[in-house]
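Thanks for coming. I will go through one structure, a few parts at a time, and please keep the view open while I talk.

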Amino acid sequence: MSERQQVALVSGSTKGIGKAIAEQLVLDGYIVVQNSRTPLQDGELVGQIHIRADVTNPNECKELIEKIVGTYGQLNLLVCNVGSGKSLSSEVGPTELWNHFLSINLSSTTYLVDSALEALIVTKGNAVAISSICGEDPTIEAPIEYTTAKAGLEMFMKTMAVRYGKKGLRFNVVSPGNVLFEGSVWDQKLKADKEGVNSYLEQQVPLAKLITPQEIAIAVSFLASSGAQNITGIVLPIDGGQSL
């Protein structure tokens, strides 16, 4: 492995935003480790390797990082992409709701960061988490459990930026608005009511457009790059101006 070639892990990276991030980092020259909790399907591998792990489980996060460091000897970039705002069945009780949304949208990042921290300190690496504009704007309709988890995620990353900046680590957040990709919520909404979606965008989003996964990937690429070496602790919205 070239001394200049860096190693990146992207969690939840076989579909949608995560896959786009993995593809972009490959173009950037990283050795990219993809991750999901389910086996790979045809066409999903875009990085060098895929490691199956459920990142809502702290033990599996630890094992995942150990495998990467054991294989490549280093970890330079951690992208925490796992998350979901999809509503659960109305029959699900409040305790289960909170556990679900906190686990997938907050704990999945804290467990990974905690597991990767020593490796990132060695390389003076950085971490980027994917949040949502719902984490900062309570007026956007979304499950309360989801918005609270995303708000917690953003505060966690900001706090890590403060506490580990002296060790050369950077922690940043990309906060997407309405992202469109095959199988996404907005893909389903467009198929069901295209006029309604267009009306919503005209009323709520200054640029009146949906966001592509590639636009999120480019933002992650920048924040991970040497061009952003003095950027840490920020939440970067990619939302067409919706959060203004």
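The buried residues of helix H4 are covered by, among others, helix H3 (94-123), strand S5 (126-130), strand S6 (170-176) and strand S7 (235-238). Contact here means heavy atoms within 4.5 Å. Helices (H or I, at least four residues) and strands (E, at least two) are DSSP runs, numbered from the N terminus. This is a predicted model, in which local features need pLDDT of at least 70 and side-chain atom pairs count only at pLDDT 80 or more, while totals for chains, interfaces and linings use all residues. Residues are numbered from 1 along each chain as its sequence is written, and side-chain values use heavy atoms, with hydrogens and water left out.

H4 itself covers residues 144-164, which is 21 residues. From its first C-alpha to its last it reaches 30 Å, close to the 30 Å expected at 1.5 Å a residue; the expected span is 1.5 Å times one less than the number of residues. Which residues of H4 are buried? The list includes Glu145, Tyr146, Lys150, Leu153, Phe156 and Met160. Buried means under 20% relative accessible area, exposed means over 50%, and partly exposed is in between (1.4 Å probe, protein chains only).

Next, S5. Of its 5 residues, 5 are buried, so S5 is largely enclosed by the rest of the structure. In a regular strand the side chains alternate between the two faces of the sheet. In S5, Asn126, Val128 and Ile130 are on one side, Ala127 and Ala129 are on the other, and both faces are covered.

What does S5 pair with? Strand S4 (residues 77-80) runs parallel to S5, joined by 4 bridges, and S6 pairs with S5 in the parallel sense over 5 bridges. Two strands pair if DSSP finds at least two bridges between them. Ala129 in S5 is the bridge partner of Cys80, and Val173 in S6 is the bridge partner of Ala129.

S1 pairs with strand S2 (residues 31-36) in the parallel sense, over 4 bridges, and Leu9 stands opposite Val33 in S2.

Now two helices. H5 (residues 185-192) and H6 (residues 194-204) pack at an angle of about 120°, with axes 5 Å apart. That makes H5 oblique to H6. Angles under 35 degrees count as roughly parallel, over 145 as roughly antiparallel, 65 to 115 as roughly perpendicular, and the rest as oblique. Trp186, Lys189, Leu190 and Ala192 in H5 meet Lys194, Val197 and Tyr200 in H6.

Gln204 is also in H6. Its relative accessible area is 42%, so Gln204 is partly exposed. The C-alpha atoms of Gln204 and Gly240 are separated by 9.6 Å, although the two residues are 36 apart along the chain.

Last, the backbone. Most residues other than glycine have a negative phi. Lys124, which is not a glycine, has a positive phi of about 50°. Lys124 lies in the loop between H3 and S5 and is exposed, with a relative accessible area of 55%. Ala208 has a positive phi too, near 55°. Ala208 is in the loop between H6 and helix H7 (213-224), and is partly exposed at 25% relative accessible area.

Terms used: Axes are lines fitted to C-alpha atoms, for helices over the stretch in contact, and angles run from 0 to 180 degrees between N-to-C directions.
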